[in-house]
Amino acid sequence: MNELTAYFNGEWVPNSEVKIHATDRGFLSGDTVFDVARTFNGKSFRMKEHVARLYKSLNFARIDPGIDMDQMLFISEDAIKRNEPLRQEYGDFTIHPFVTRGPKPEAGAEECPTVAVRLGPVNFSSYASYYATGAHGVITKTRSYSPESLDPKIKHYSRMNFNLAQMEATDVDPDAWPIMLDLNGNLTEGVGWNVLIVTDGVIRSSTDKAVLQGISRGMVFDLAKQLDIPVVQEDLQPYDLYTADEAFFTTTSPCVLPVTKVDNRQIGDGLPGPITQQLLASWSESVGIDIVDQAVSFSNR
């Protein structure tokens, strides 16, 4: 495949030239915030919300990228335009803006941040088959960071617990996606996705205290309102997930992904549920593309 073009510290370069120096704090200590958006038919989806979340994370982490939100938004959209000739080859793009604190001896010293926006192909093959069968989940012993230690609303690269949770889940079920808990045993999130359940026609989500405020999760809330499906945010335990009528993940590329088994327990009737399917259909209609058909088509190439 042809190589995509990325923005890196003020220049446009091939993706392969986006390299972090060994002394960069983003490498040394995960001192990086980032976001991930995607396109549908080459058009960005909720890019303003993604960039706004990025800048909230930057503000909280006290990293100054040296460019404002409007400039970051322009660069992200420009990256999509520059790579448009390759879209037919890839299907659609993911957009990854990230900012590190840069090479410096310690936090708080004078900063020279690393700023990048890189594109990648949507990895359709990693999830396309699950629209029909449902994904599997495993609730891991590895926990989410306590919000008293690190607020989950920051999207950051300090992710060793995520890596351990992923390996732990695949030890149990090679196809499983990890689901994490907080220190009190409440459901939080996956390692890049929110976890939602449906009980008696109500969509239920963990509270913002426990999870990243996912852009895809927000889209589900918006669609649910349009469809007159009630939504509640509350503390959820594994019991609630095991006994739910439906479960699904929300994340950037798959959008809404049904979950039919957790810890080798069947969820509901073991098939993707009707509300999950309704959300997917409504999302597809809103972006003008059949999300499932696209994923299946490109995963088979």
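Which residues line the largest cavity? That is where I will start, after a word on the model.

This is a predicted model: local features need pLDDT of at least 70, side-chain atom pairs count only at pLDDT 80 or more, and totals for chains, interfaces and linings use all residues. Residues are numbered from 1 along each chain as its sequence is written, and side-chain values use heavy atoms, with hydrogens and water left out.

Now the cavity. On a 1 Å grid over the protein atoms alone, a cavity is a set of points where a 1.4 Å probe fits but cannot get out; lining residues have an atom within 4 Å of a point. Searching the whole structure gives one cavity of 30 Å³ or more. The largest cavity holds about 50 Å³, volume being the space filled by probe spheres set on the points, with points joined across faces, edges and corners. Its lining is A37, R38, F45, H50, I215, S216, T252 and W283. By class that is four nonpolar, three polar and one charged. Here nonpolar means Ala, Val, Leu, Ile, Met, Phe, Trp, Tyr, Cys and Pro, charged means Asp, Glu, Lys and Arg, and the others, Gly among them, are polar. β4 and α7 each supply at least two of the lining residues; helices (H or I, at least four residues) and strands (E, at least two) are DSSP runs, numbered from the N terminus.

Next, β4 itself, residues 37-40. In a regular strand the side chains alternate between the two faces of the sheet. In β4, A37 and T39 on one side and R38 and F40 on the other are all buried, that is, under 20% relative accessible area with a 1.4 Å probe, protein chains only. β4 pairs antiparallel with β6, residues 93-100, over two bridges, pairing requiring at least two DSSP bridges. A37 stands opposite I95 in β6. β4 also pairs antiparallel with β5, residues 43-44, over two bridges, and there F40 has K43 as its partner. In that hairpin, with two residues between the strands, N41 has a positive phi near 55°.

Of its 51 residues, Y127, I203, V220, F249 and W283 touch the most other members. A second, separate core of 25 residues includes L58, L86, Y90 and L119.

Conventions:
Core = buried A, V, L, I, M, F, W, Y, C linked by side-chain atoms within 4.5 Å. Buried < 20%, exposed > 50% of the residue type's maximum accessible area, 1.4 Å probe, protein only. 1 Å grid on protein atoms, 1.4 Å probe; cavity = no way out; pocket = protein on both sides within 12 Å on 5 of 7 lines; lining within 4 Å.
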